[in-house]
Amino acid sequence: MNIKIVCVGKLKEKYLKQGIAEYSKRLSKFCKFEIIEVPDEKAPEKLSPAEMEAVKQKEGERILHKIKDKEYVYALAIEGKERSSEEFAAELEKLGTYGHSDVTFVIGGSLGLSPVVLKRTQTKISFGRFTLPHQLMRLVLTEQIYRGFMINNGSPYHK
C-alpha cells in the first residue's frame, strides 16, 4: 500500500518533525509512506472573503498537482465524518483489499481546502470539531494511520 499526505506549508517545529519521523519509520513495515508539502500562499492577516477564496484556490491548485488520478483521496475537513480508530483501520484494510492501494490524505492550510480539492476527494474525514494547527494534524494523522495498521495486525499497541 502507498500512503501519502499532501499538506500546505513547511513544518518548522522540531518536536513535530521528530514525532512524524518516528511514526514514518514505524509505518515503513506496512506501507510506502510519504509527506509532500506544497507552499502556502502568502497573504496579509486581514483578508476579505474573496481574498480568502483566492488563497484557497491557489493552494488547492498546488495540492491537486500532487494527486494522481488513481489515488483514493481523503480530505481532512471539519465537516467530514468522525470515525473511531477501529473504524478507520477497517476502512484502510478495505481500501487495500478492494484495489485502492494508493491512498492520499490532504491537509489544507490555515484557511482550509478549496472547493475544487474537496470535489476531488472520495471521503472527508474529521478529527472532531476542535480547531487544531494544521502542522499538528500531520502528526496526529500519521499516528492514526500507524494505529490503523497496528489494529489490523492484532497488535497490543492500540490498547
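**Entry 1: pockets.** I first noted what a pocket is: on a 1 Å grid over the protein atoms alone, it is an open set of points where a 1.4 Å probe fits, with protein on both sides within 12 Å along at least five of seven lines, and its lining residues have an atom within 4 Å of a point. Its volume is the space filled by probe spheres set on the points, which are joined across faces, edges and corners. I looked up the largest pocket and found a volume of about 550 Å³. It is lined by 23 residues, and Leu76, Ala77, Ile78, Gly112 and Leu132 are the closest to its centre.

I kept in mind that this is a predicted model: local features need pLDDT of at least 70 and side-chain atom pairs pLDDT 80 or more, while totals for chains, interfaces and linings use all residues. Residues are numbered from 1 along each chain as its sequence is written, and side-chain values use heavy atoms, without hydrogens and water.

**Entry 2: who lines it?** Which element gives the most to the lining of the largest pocket? I found that E3 does, with four residues. Strand E3 (72–82), strand E5 (123–126) and helix H5 (134–152) each supply at least two residues. Helices (H or I, at least four residues) and strands (E, at least two) are DSSP runs, numbered from the N terminus. The lining has 13 nonpolar, eight polar and two charged residues. Here Ala, Val, Leu, Ile, Met, Phe, Trp, Tyr, Cys and Pro are nonpolar, Asp, Glu, Lys and Arg charged, and the others, including Gly, polar.

**Entry 3: the second largest pocket.** I read off a volume of about 340 Å³. Among its 18 lining residues, Asp40, Glu41, Ala43, Glu59 and Ser110 lie nearest the centre. Helix H2 (49–64) and H5 give two or more residues each. I noted six nonpolar, five polar and seven charged residues in this lining.

**Entry 4: H5 and its partners.** I saw H1 (residues 14–27) pack against H5 at about 20°, with axes 9 Å apart. Axes are lines fitted to C-alpha atoms, for helices over the stretch in contact, and angles run from 0 to 180 degrees between N-to-C directions. H1 and H5 are therefore roughly parallel, a word for angles under 35 degrees. Their contact has nine nonpolar, four polar and three charged residues.

The axes of H3 (residues 85–97) and H5 come within 8 Å and cross at roughly 80°. H3 and H5 are therefore roughly perpendicular, which covers 65 to 115 degrees.

Definitions and conventions. Parallel < 35°, antiparallel > 145°, perpendicular 65-115°, else oblique.
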